[in-house]
Amino acid sequence: MSRDAVLPDNDRCSGTKVYLALRSAIISNQFTPGEGLVEQKLADLYQVSRTPVREALQRLTKDGLVEMIPRRGAFVARFSIEDAVEIFRMREALEGMAARLAAAAIPDTEIDRLQQSLAYAASMPEGLRLRAMYDAGGPVHDAILVYSRSPRMQEAVDSLVSQITRLRALAVTAPGRAEQSFHQHLAILAALRSRNQDRSERAMREHIASTLETITQVIMGGAH
């Protein structure tokens, strides 16, 4: 996918649309950590003036996806192991509690739907299967947050979602991670179906902790 593919023609002058396009490109690692973001080059890429690009970079800085360095310019933010640990410990606490709460509220029909989605992903052709299996876990997390019935908890997780998505993109590159994540999501759904709150929280926490372990290994490997 080209970096400007998500920017509709009729919205090319919108700072918000530049922001969304650039955010998507960063999250999906089309722009790599530490890469320079030159305003004029981005303006040419997205066929806009520099003003909406500047606005987008300011918003992305607040999201933690861009780093502004005085007299040097804008760069795609790098992730350190400390960053990953902080973000995923917060995620583990929040989503672990969400799973505990959701165990008492999520309908069996919703669990059935999520299991069917995972099964469909596992049935995909070999070239697509691993990515589909990994991506199918997202709706599991989304549903748990919804059925936790805690808007503030959802808001807290949403505030981290850009950075979580970027870090997850690192995890999926690790051999065996997609299969491991797939089976962990099945275990989470089984725990929810049992209505056992302790088991549900534990399954979610173990899943997020193992994702962090994989991300840490990838970051350390990239440092060499």
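The secondary structure of the chain comprises eleven helices and three strands, where helices (H or I, at least four residues) and strands (E, at least two) are DSSP runs numbered from the N terminus. Read from the N terminus, these elements follow the order α-β-α-α-β-β-α-α-α-α-α-α-α-α. The radius of gyration, taken over C-alpha atoms, is 19 Å, close to the 17 Å that the globule rule (2.2 Å times the number of residues to the power 0.38) gives for 224 residues, so the chain is as compact as a globular protein of that length.

This is a predicted model, in which local features need pLDDT of at least 70 and side-chain atom pairs count only at pLDDT 80 or more, while totals for chains, interfaces and linings use all residues. Residues are numbered from 1 along each chain as its sequence is written, and side-chain values use heavy atoms, with hydrogens and water left out.

The predictor's confidence in each residue, pLDDT (from 0 to 100), has a mean of 89 over the chain, with 93% of the residues reaching 70 or more. Over residues 4-13, however, the pLDDT is below 50, and this stretch has 15 contacts in the model beyond near neighbours in sequence, a contact being heavy atoms within 4.5 Å.

Along its principal axes, the C-alpha trace spans about 55 × 40 × 40 Å. Of the contacts with a separation of 6 or more, 75% come from residues 24 or more positions apart. Of the 224 residues, 42% count as buried, that is, under 20% relative accessible area (1.4 Å probe, protein chains only).

Technical notes
Buried < 20%, exposed > 50% of the residue type's maximum accessible area, 1.4 Å probe, protein only.
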